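I wanted to get my bearings in a structure that was new to me. Here is my notebook from that look.

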Amino acid sequence: MTEKLKYLSCRLILCAGAGILLLFSALMLLWILCLRYGLGIFAVLFLTLAAVGYCCFVFRWLLIPYRETKKIYEQFVMGYVLKDLFHLRHPLTPESDRAVLLLNEMIDKNHLINVSKKQAEYLALQNQINPHFLYNTLEGIRSEALLAGLDSIAEMTEALATFFRYTISQVENLVTLEDELANIENYYYIQQFRFGDKLALHIEYEHDDELDELEILQFRLPKLTLQPIVENSIYHGIERKIGKGNLVIRICVSDERLRIRISDDGMGMTEEKLKLLNEKLRRLALDEVQEESGKKGGIALVNVNNRIKLLFGEEYGIIFYSREGAGTDVLISLPLVRE
Amino acid sequence: MKRELLRMDHVSLIQNGEALLDNLNFQMFAGEIMGLVAGRNRGYNQLIQLVCQNLPISFGTVWYDGQTVNSYSHSDGTSNRVYVIEPMSHLVEGLSVVDNLFVLRKGFKKYFINERILREQAENFFKENGLRVNIRKRVSALTPLERCLTELGKALLMGCRLVIVDNPGNFLSQFELAQFQDMLRHVRNSGVSILYIGNHHQELFRIADRTSLFFDGRIIKVFERDEMTDERISPYITDWYIPGTQANPDQEDGVLHFHSVHTENLHGLRFVLHRAECLTILDMDNRIAGDVLSLLTGTQECRQGRITLEHEPYTLKRAADYLNAGIAIIPKDCTQSLLFQERSYMENLTFLLDRKLHQSIIPGKIYRSIKNEYGSLIGNFIEETMVANLPLAEQIALVYYRIQLFHPRVLVCIQPLAKGDMDVRLRILALLREILKTGTAVLIITANVSDTLMISDRLLVVENGVCAASYEKSEFNQVDW
């Protein structure tokens, strides 16, 4: 109890409860006096109604907004929301509101650090490898292969060089869908050397009279959003499957969103695993960007999801639909960004 | 460009510690028909309720028509402009269609009503929207299709952007359903969205632009137009499929014969039902079930033609004691009409046994033997002292177990799959399969064949009370739905 009473909210509730109790005690006394000594019944009735009205007013004007604010704090603590905390409809005090906004600015800087964390990794990789050395080597292999008449090795080397160039060299936040899909096609080309006919990629567009395929391709999204998901689908879905595997990327544009669904008809995942993953993707866990960046399998997805949420807001991100033996659908939801 | 009408993001609803909606993501565009099929019904009513009204949720956000209407932090309880067309009518029976459309509408403040003007307005509105309803009729005189069309008209008049249609296949005949679906397509083209809820994915796949599969408070898959095939959905429903070996129908000898039977709605119905055979009658007009039942239960006599049961005339006298004659009937709402909700599981299970044993008191040895035998199938539910406490699936299973125990010659089921989610339906099919294996002939009368074909050996299509087409099992793929 003493522990609870250190919070001002508890003290306020206690005071308000005591005040209302006092008010009704006084009213009861008035009623007794009124009935025993015949004081003005209408005056007491009016006071009683006023007290009830006051309680309703307190409930609607104070208690409901307080509960709303409390709920937002609770959800923030659980890691489900971030933005809502900075747009409280009913802040506790002007000072707390300002403090929260100040915190927002400070966190924003941290956000940028976190978002660029992944890019920093690429930069580090870039520094370690020296891309020109890598590209020159790959070009050398390609030339040798061409001279020896080994076209397939030459093509594979070219694809690998293009893939590295896109992944390592161009460090920018948003790229066009066209670039992302080109990278996916290139990645698929490399993977085909390993999987052959076992892996098939289809890209489908849902376009209408207002928006054609070329316009859809100009929408922007965070760089390397698709590749980790495609990689995940191949390694966790199709690779373990017996027989052919299909990978379908379906792009749909609505008035507010760009939706990209990456589906595979691979192994799928268990209900528990799916639940856990979606629960993870619902949260905006800032610490996971750093903590798990070194681990493999599914972590890239959490990173991509975090980046989307940090860049565009919590209403965007990734959702998984899956069933064991049936395959997996990954739905990426993004805002429409043209520039 | 598609316009987003409804979006539910990460919606969770926890009541009494149970997650009825669990991280649910659902979205609909303007001017589309979205099918919704429930694999398991938990949270399904709450989902519909949440689409209609902004009630408190535990987590997530709901957007409707471009606005945030509900979130975990703030739910104002307001209603969204959504209309639900369901088996229960939302019209006032005693009033005319016009009164239902205008007078009972929110915001109608006139004290003096000029019925002629209202009727003209209604006629024009219905004509513009292609709704063919005689608006001079009283609501009580409307056919089920006219009632649905009137409600659809009312929804459009109220400016609803979303109409929820809840299992129309259960209360409309095949003809009516086809007309109603055409109307829904027409409305869809004018920009109104339809959430079409159905028990049979085949029915949804025929009309929907996309179909969502709902399971235990979550959407587990959204099927796009080109993905709406039996092949694509099968991995999602195989877990619920209870396999069983097919019975071998005895094609030599018929158990039940209908020889050109005539009644008010039957105009020369003729068929033969064999032992261990499952015959499905697709009632295109949704009218013959009542007549067949009254003929079999002895409340009506054939005007022409005759019925024979095991080659003996099925007279009124035999029909009056149809259970002893060997005919069992499972009506549409079997849990309501066949179960004693306040009684125990075992009391309900052994209810017909006295007739079979010709003893008013069941010997303890037999009672214990039944309990042991069914206990292994049912589990702890067999100990339930009040059937009303059982989940719907168990209540329905109890009805079928009772029939299995009674072992009739003929079992007549009226729309057996009309109620319940996919889980329940597949269980019913498995139970019917078990009944067939014991040699009982099963006659299914339905207005919607989709799932029943999984166990049927033959299909008869009945139009205007007479058999219009007949299909053998090998020809089911030729049936044009």
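What follows are my entries, going from the chains to the domains and then to single strands.

**Ground rules.** I'm looking at a predicted model, so I noted that local features need pLDDT of at least 70 and side-chain atom pairs count only at pLDDT 80 or more, while totals for chains, interfaces and linings use all residues. Residues are numbered from 1 along each chain as its sequence is written, and chains are lettered from A and ligands numbered from 1 in the order in which they are written.

**Chain A.** I looked up the secondary structure and found 12 helices and seven strands. Helices (H or I, at least four residues) and strands (E, at least two) are DSSP runs, numbered from the N terminus. Chain A has 339 residues, and 23% of them count as buried. Buried here means 20 or more other C-beta atoms within 10 Å of a residue's own, with C-beta atoms placed from the backbone.

**Where chain B meets chain A.** I found 19 residues of chain B and 23 residues of chain A in this contact. Two residues are in contact if their C-beta atoms, placed from the backbone, lie within 7 Å. On the chain B side, β1 (4-15), β2 (18-29), β4 (59-64), β10 (218-223) and α7 (230-237) each give two or more residues. That side divides into eight nonpolar, six polar and five charged residues. For those classes, Ala, Val, Leu, Ile, Met, Phe, Trp, Tyr, Cys and Pro are nonpolar, Asp, Glu, Lys and Arg are charged, and the others, Gly among them, are polar.

**Two domains in chain B.** Chain B splits into domain 1 (4-240) and domain 2 (250-478), with bounds that come from an automatic or database domain assignment. I noted 33 Å between their C-alpha centres. Each domain of chain B puts 17 residues into the contact with the other. Which element gives the most to the domain 1 side? It's β3(B), with four residues.

**A closer look at β3(B).** I checked burial next: seven of the eight residues of β3(B) are buried, so the strand is largely enclosed by the rest of the structure. β3(B) runs parallel to β8 (193-198) of chain B, with five bridges, and also parallel to β9 (210-215) of chain B, with six bridges. Strands count as paired if DSSP finds at least two bridges between them. Val37(B) has Gly198(B) as its bridge partner in β8(B) and Leu213(B) as its partner in β9(B).

**The six-stranded sheet.** I traced an open, mixed sheet in chain B in the order β16-β17-β18-β13-β19-β20. β16 (327-330) and β20 (466-472) of chain B each have a single partner strand, so one side of each has no neighbour in the sheet. The twist averages 20° from one strand to the next, where axes are lines fitted to C-alpha atoms, for helices over the stretch in contact, and angles run from 0 to 180 degrees between N-to-C directions. Helix α16 (422-437) of chain B packs on this sheet, touching β13, β17 and β18 of chain B, and makes about 145° with β18(B).

**Around β19(B).** β13(B) runs parallel to β19(B), with five bridges, and Ile281(B) sits opposite Leu460(B). On to β20(B): that pairing with β19(B) is antiparallel, over six bridges, and Arg458(B) stands opposite Glu472(B). β19(B) and β20(B) make a hairpin with two residues between them, and Asn464(B) in the turn has a positive phi of about 50°.

Definitions and conventions: A residue is buried if 20 or more other C-beta atoms lie within 10 Å of its own, exposed if 12 or fewer, and partly exposed in between; C-beta atoms are placed from the backbone.
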